[in-house]
Amino acid sequence: MEVWDWTIGEIVEQVQAKTERDRREHQQQAAIAYRQAELTAMAVRGGKQLPDLWEAFPFWTDEETKNMLVAKYKARMERWAASGKKGGE
């Protein structure tokens with residue numbers, strides 16, 4: 001669509017849509033920056049284990065979160081199996 005063929009209403013609508021997209025993007029960036037600061041403080045203070053990535057930054061779908069959990073537990077079980085420890089130890 002040629003911009004020159006747009007009506008004033010269409011131009012205003014496009015500007016408002018762009019403003020809304022920018023606002024949402026900045027909200028997400030603010031959430032990330034805030035959480036990064038919180039995680040940095042947590043790491044500096046020590047003592048508390050950092051949360052998983054998908055818990056700290058909730059931008060993943062349920063399916064992606066499930067896949068990351070499966071990968072996490074699979075890696076944990078592989079490390080345990082490689083260590084040669086038995087169940088009760």
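Is Lys18 buried, partly exposed or exposed, and what is its relative accessible area? Lys18 counts as partly exposed, at 42%. Keep that residue in mind as we move through the close-ups below, all taken from a predicted model.

**Close-up 1. Lys18 pairs with Asp22 along helix α1.** Here the two side chains form a salt bridge, with 2.9 Å from N to O. Both partners belong to helix α1, which spans residues 8-45, and because they sit 4 residues apart, about one helical turn separates them. Asp22 is partly exposed, with a relative accessibility of 25%, and Lys18 is partly exposed too, at 42%.

**Close-up 2. Glu20 meets Arg23 in a salt bridge.** The N to O distance for this pair is 2.6 Å. Arg23 and Glu20 are 3 residues apart in helix α1, so about one helical turn lies between them. For Arg23 the relative accessibility is 40%, which places this residue in the partly exposed class. Glu20 is partly exposed as well, with a relative accessible area of 27%.

**Close-up 3. Glu20 also bridges to Arg24.** Stay with Glu20 for a moment and look at the side chain of Arg24: the two meet in a salt bridge of 2.9 Å, N to O. Their spacing in helix α1 is 4 residues, so they too are separated by about one helical turn.

**Close-up 4. Glu20, Arg23 and Arg24 form a network of salt bridges.** This view brings the previous two together. Glu20 takes part in the bridge with Arg23 and in the bridge with Arg24, and the three residues are linked as a network. As a general point, side chains of opposite charge can pair when their charged atoms come close. Across the whole structure there are 6 salt bridges, including the Asp22 and Lys18 pair of the opening view.

**Close-up 5. Phe57 lies in the loop between α2 and α3.** Is Phe57 buried or exposed? Phe57 is buried, because its relative accessible area of 11% falls under the 20% cut-off.

**Close-up 6. Phe57 is in contact with Ile32, Arg35, Gln36 and Leu39.** These contacts leave aside the neighbours of Phe57 within four places in sequence. Take Gln36 as one of them: Phe57 and Gln36 are 21 residues apart in sequence, while their C-alpha atoms are 9.1 Å apart in space.

How values were computed. Residues numbered from 1 in each chain as written. Predicted model: local features only at pLDDT ≥ 70, side-chain atom pairs only at ≥ 80, totals over all residues. Heavy atoms only, no water. Salt bridge = Lys/Arg side-chain N within 4 Å of Asp/Glu carboxyl O. Helix = DSSP H or I, 4+ residues; strand = E, 2+ residues; numbered from the N terminus. Buried < 20%, exposed > 50% of the residue type's maximum accessible area, 1.4 Å probe, protein only. Contact = heavy atoms within 4.5 Å.
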